[in-house]
Amino acid sequence: MTENNFSSEQLLQYWQDVKQAVATASAAVNRDPVTLLAVSKTKPAQMVATLATAGQQHFGENYLQEAVDKIAQVKQLLAQTTEGARQNVVWHYIGHIQRNKTRDIAQVFDWVHTIERDIIAKRLNDQRPEGLPKLNVLIQVNIDQEESKSGCLPQELDSLVASVKGYDNLCLRGLMIIPSKEGSDAFERTKQLFDQMQQAHPELTQWDTLSMGMSADMTEAIAHGSTMVRVGSAIFGARE
Ligand SMILES: *Cc1c(COP(=O)(O)O)cnc(C)c1O
């Protein structure tokens, strides 16, 4: 049993339903299922371990201290099951990055979706521990140019790509957005930017990830070119 009267059977059912929705939306645009990132913020390690044992590989977290603790707990839980021990969990940082948190982020995560300034990329690059693979990074774009939102402005993107692609310990994979609530054409505009950057920077041979779409709009995001949807509440239930 997991918390909040939410059984592991229920959790696994929600996850299967989301996987099915992702597969259906992907097939509708003639694509293989896009990557499903399960956003586990505020949810216990046991829920992550349950899904990881069932085959879910990618998990996203927003709050650093919570994530550091949870990553260690999940590792322990999976080590207790022979089946689970073989699961290779991939952790994605999707929260806002404060400058003084880059060292921990560079140590425990495999992906970071929220690069918005060169100084943050430089610090992650310098602080990525030796012996680990390159840190996969996405640039967050403030696609609707909202005062309150993180991300670089669309007009700043080209120069940020130009600097981030030069860091040896980072692998720049693409873009991430959180569109404004009002229905707009943010997905289309982001897909255009994504394609423009690929043409402008042909040396980016691993430019393959467009992180957009959440529980409420994943189908629409996939229809417009998303390659990775970040889904929390539709899998784990509402957050407190
Ligand atoms: C919480 C969060 C999500 C998941 O949101 P849901 O609506 O619960 O699917 C996705 N992306 C980011 C950046 C988030 O903070």
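Start with the lining of the largest pocket: by class, 10 of its residues are nonpolar, 12 polar and 8 charged. (Ala, Val, Leu, Ile, Met, Phe, Trp, Tyr, Cys and Pro count as nonpolar, Asp, Glu, Lys and Arg as charged, the others, Gly among them, as polar.) This is a predicted model, where local features need pLDDT of at least 70, side-chain atom pairs count only at pLDDT 80 or more, and totals for chains, interfaces and linings use all residues. Residues are numbered from 1 along each chain as its sequence is written, and side-chain values use heavy atoms, with hydrogens and water left out.

Now select I178, P179, K181, M214 and R230, which lie nearest the centre of that pocket. Colour α8 (186-200) and β8 (228-231) too: each supplies at least two lining residues. Domain 1 (1-93 + 211-217 + 227-240) and domain 2 (108-207) both contribute to the lining, so the pocket lies between them. Those bounds come from an automatic or database domain assignment.

Next stop: the largest nonpolar core, with 64 residues. Such a core is a set of buried Ala, Val, Leu, Ile, Met, Phe, Trp, Tyr and Cys residues joined through side-chain atoms within 4.5 Å, buried being under 20% relative accessible area (1.4 Å probe, protein chains only). Helix α2 (residues 45-54) gives the most to this core, 6 residues.

Zoom in on I139. Which residues is I139 in contact with, leaving aside neighbours within four places in sequence? Among them are H113, C152, L172 and M176; contact means heavy atoms within 4.5 Å.

Last, pick L37, V39, L138 and M228, part of a second, separate core of 8 residues.

Key:
Buried means under 20% relative accessible area, exposed over 50%, partly exposed in between (1.4 Å probe, protein chains only). Helices (H or I, at least four residues) and strands (E, at least two) are DSSP runs, numbered from the N terminus. On a 1 Å grid over the protein atoms alone, a cavity is a set of points where a 1.4 Å probe fits but cannot get out, and a pocket is an open set with protein on both sides within 12 Å along at least five of seven lines; lining residues have an atom within 4 Å of a point.
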